[in-house]
Amino acid sequence: MDPSSYQRPRLRYWLPGATVDEQTLTSQLESAKEAGWGGVEVSWLGADPIPGDGIRQYRFGSKIWQDRFRYLLAEADRIGLHLDFTISASWPCQIPGLLPSAPAAAVELVCGIRLLEGPYCEPRGTVVDHFDPEGVEVVKDFYQTTVFDESTRQAFGRIQSSVFEDSLELHHTQYWTPRFRTSFMELRGYDPTPFLPLLHKRFRPTAFSPDLHIIIPAGREDNEDPHRFLYDFRRTVSDLYIHGRLEPLVKWAGDNNLTFRCQPYELDIDAGLAAAVVDLPEGETLNFRDKRNAFRLLASGRDVSGKRILSDELAACIGMAYTMTWKKVIQMANKDFALGVNQIVLHGMPYRWSASSVWPGYFPLLPDPPLPSFSDAWDERQPQWAFAKPCTDYLARTQGVLQAGHAVVDLAIFHPALKGIDVHWEDTSLVSAGYTFGFMSDGLLGLSSLSVSGGRLCPDGPAYKCLIIDNRLEMQVDTAQAIFALANSGLPIIVVGNLPARALGLAQDVAAVDSQVQRAFVDLLRLPHCHHVTDIKSLVNTLQAAAIMPSVGYEHRDNCWLHVCRVIGQETWYFILNESDCRQSQVVQIPCKDRATIYNPWNGSLSQIRDTVPSAPGRIGVPLDLGASEAAIIRCGLGDDQFLEHSACLASITAMRNELKDWTLHVEGWHPAEPNEAGIASTKTSIEKIGPIQLAELVPWSDIPGLKQQSGVGEYRTTFRVSSRMRRAFLEFHPDQTCTMKVMIDGNVVDGDIVGLGPLEITRALSEGTEHELSIAISTPLLNAMRALYPEFAHCPTQTYGLLGCTLACYE
């Protein structure tokens with residue numbers, strides 16, 4: 001059950017341009033490997049000049065940068081890490097030496113002049129055109145003439161490298177491309193020129209903006225509609241980006257033994273289709289925080305196209321510098337896993353120091369009022385880094401399951417392509433009933449590879465049981481016809497609310513294209529396996545009346561639990577998450593004809609599930625008790641007995657609980673060894689020994705004299721007794737516990753959940769005898785120490801550190 005190195009999580013690695021030394025690079029890569037990371041994603045940020053040296057020689061594209069690139073690649077290969085790299089030093093992509101007048105340079109449609117030039121390249125360069133293959137050619141030329149050669153290509157292949165393009169942040173005025181008019185005419189069939197003033201409404205106000213008037217061509221006054229033209233404009237932008245940028249970049253990457261990983265959103269583009277085109281689609285915590293279904297959309301593109309990975313730029317959170325905990329990281333990862341993610345790239349690991357850095361080291365995303373901090377810094381500067389390996393093991397084992405086989409999804413919901421990642425689906429009845437679902441965009445529904453067999457869409461992949469169309473008054477003609485073709489092949493379709501009645505986009509005969517959309521749905525609803533319901537409240541009943549049942553059934557119909565399902569050979573695996581903010585218990589009904597086992601990703605063990613309850617035919621009822629954002633992984637199938645542990649049934653025995661008291665605490669406080677010193681001195685930490693402190697009961701450090709402004713490591717010691725009749729024993733921690741733990745009993749480390757999402761089983765750690773010594777080491781973030789040092793952090797609330805509560809639960 002050991003995951004491969006590829007299945008391990010990765011780190012974004014921020015470098016201050018090429019102002020880095022080889023010894024530090026090697027040390028950090030080795031540290032990442034030792035801490036359980038599978039690879040790093042190198043992100044070249046602006047160079048921090050070394051005193052006396054010019055900054056230009058350290059920028060992206062310079063000779064020193066080329067040397068550092070090759071060194072990083074060779075060291076990653078030697079150490080056994082996967083190494084990815086960002087396509088440029090910032091985003092949107094800019095290439096050194098690209099002149100604003102060059103054919104490959106980005107342009108905008110503006111009333112005035114704006115220079116799109118980036119400060120991080122050497123020589124200075126401009127943003128590339130993201131809607132024309134010329135923008136890809138200049139990227140290819142840059143790499144072919146700097147760092148790509150036969151040796152680097154071979155290294156890319158050995159360590160399975162990716163080139164990565166971050167989200168498209170083209171938020172300036174109005175993106176454009178010189179060949180847009182020609183491309184528009186080829187794709188849409190008419191000249192856009194008379195309608196370009198309509199785009200003026202999308203401009204950000206500038207001093208150059210005159211009053212513009214919409215001009216309608218003579219003879220077309222009655223059937224032209226600004227809304228229809230703007231749709232055609234956005235659809236053309238989407239087509240040019242996907243086919244003129246993404247597809248050529250995928251080919252270029254493959255030609256160089258690379259894969260292309262991309263966050264294909266931030267514009268009015270078909271993100272579902274884009275996710276199907278790239279090798280490795282990626283979402284993110286920051287942009288998806290209020291758009292959770294965006295992960296489901298990208299996952300659908302992955303699944304329909306037969307790809308394997310949906311990556312996640314995890315923990316890119318506002319205001320979290322030196323505040324994040326491993327518990328929070330695991331909770332965020334679990335939530336995204338339950339939406340289809342199966343690869344984590346943690347945001348992130350900074351280079352250790354720069355010429356201007358102060359303790360605890362270089363971090364490019366510190367608060368800079370009025371701007372807040374962004375993300376957190378993960379490396380040896382953090383007390384929590386020493387506790388990383390069990391957490392990366394947890395992520396790796398979970399990803400190992402979620403990357404194997406293929407996803408199976410109950411339902412597909414139509415999502416209009418040009419709404420990008422703004423997936424609006426507020427109804428919770430499908431989740432409560434136990435259905436999983438994805439989102440099919442116009443582009444995905446138009447794929448020639450789609451097939452229906454046995455009433456399932458993509459039967460060898462997600463095997464959707466039904467397609468749902470929810471209150472879509474407008475639709476592309478080709479999409480309506482594609483949906484009818486799927487229905488005619490046997491796919492059940494449910495239309496909720498209003499039927500589509502209007503075609504999107506301009507046409508010579510608007511009434512005719514509108515009629516085509518209407519006719520597709522009239523014909524569709526004549527089919528016996530297709531249904532029309534008036535509102536969303538009837539959806540679940542309609543599905544079940546049609547024998548379209550959920551993959552999992554939940555005891556509580558108002559539950560906040562989510563799951564994803566993977567078919568791996570002859571086995572079916574379920575990742576089940578309690579998404580609520582409190583501990584919950586319920587019986588989960590799972591289809592299972594063979595043996596059911598539960599997989600513990602904290603230690604890799606499999607245990608047979610014996611305490612099942614009666615359920616519907618062909619299903620088993622599994623009682624689960626999960627903490628906030630805690631997950632369970634269940635396997636159904638015969639499997640391999642060599643990993644199987646036979647555990648006593650907990651449902652039929654009684655737990656005796658005892659809150660542990662009388663602790664001795666020793667603290668190591670972390671502080672700058674050379675306060676106010678910059679540069680390499682900023683990495684040096686002084687350890688202050690505090691204690692022993694006697695605690696009759698556990699309280700936060702903020703309530704202990706001398707510890708309120710401390711960050712670091714604490715060790716708690718006590719003793720406890722167990723009955724000779726004990727069959728299983730657990731430690732249960734306070735739900736507000738945030739610090740990461742290392743638990744030892746009688747000198748032996750206990751494997752398991754070290755962040756306190758759920759109880760920690762200690763049965764196997766108990767040696768003979770009834771009295772035992774318990775040691776719990778905890779690690780903290782650096783925030784409380786930073787509050788005492790820097791004004792930028794003084795406004796942050798004091799974090800609650802320490803062991804907050806520990807209960808011994810024994811089952812006899």
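Analyst: Start with a term. A crossing is right-handed if the near helix is turned clockwise from the far one by less than a right angle, and left-handed if anticlockwise. By that rule, α1 and α2 cross in a right-handed way. Keep in mind that this is a predicted model.

Now the pair itself. Helix α1 covers residues 22–34, and helix α2 covers residues 63–79. Their packing angle is about 35 degrees. Their axes lie 10 Å apart.

Which residues of α1 and α2 meet? From α1 come E22, L25, T26, L29, E30 and K33. From α2 come R68, Y71, L72, E75, A76, R78 and I79. This contact between α1 and α2 is made of 6 nonpolar, 1 polar and 6 charged residues.

Next, follow α2 to another partner. D77 forms a salt bridge with R158, with N and O 2.6 Å apart. D77 sits in helix α2, while R158 sits in helix α4 (residues 150–159), so the bridge ties together parts 81 residues apart in sequence. Is D77 buried, exposed or partly exposed? Its relative accessibility is 24%, so D77 counts as partly exposed.

The structure holds 42 salt bridges. One of them joins R12 and D166, whose closest N and O atoms are 3.1 Å apart. R12 belongs to strand β1 (residues 10–15). D166 belongs to the loop between β8 (162–165) and β9 (175–176).

One more pair is worth a look. R179 and D132 form a salt bridge, and their closest N and O atoms are 2.7 Å apart. R179 is in the loop between β9 and α5 (180–188). D132 is in the loop between β7 (125–127) and α3 (133–144). They are 47 residues apart, and the pair links distant parts of the chain. Here the two ends have unlike surroundings. R179 is partly exposed, at 44% relative accessible area, whereas D132 is buried, at 6%.

Methods:
Residues are numbered from 1 along each chain as its sequence is written. This is a predicted model: local features need pLDDT of at least 70, side-chain atom pairs count only at pLDDT 80 or more; totals for chains, interfaces and linings use all residues. Side-chain values use heavy atoms; hydrogens and water are left out. Axes are lines fitted to C-alpha atoms, for helices over the stretch in contact, and angles run from 0 to 180 degrees between N-to-C directions. Helices (H or I, at least four residues) and strands (E, at least two) are DSSP runs, numbered from the N terminus. Contact means heavy atoms within 4.5 Å. Ala, Val, Leu, Ile, Met, Phe, Trp, Tyr, Cys and Pro count as nonpolar, Asp, Glu, Lys and Arg as charged, and the others, Gly among them, as polar. A salt bridge is a side-chain nitrogen of Lys or Arg within 4 Å of a carboxyl oxygen of Asp or Glu. Buried means under 20% relative accessible area, exposed over 50%, partly exposed in between (1.4 Å probe, protein chains only).
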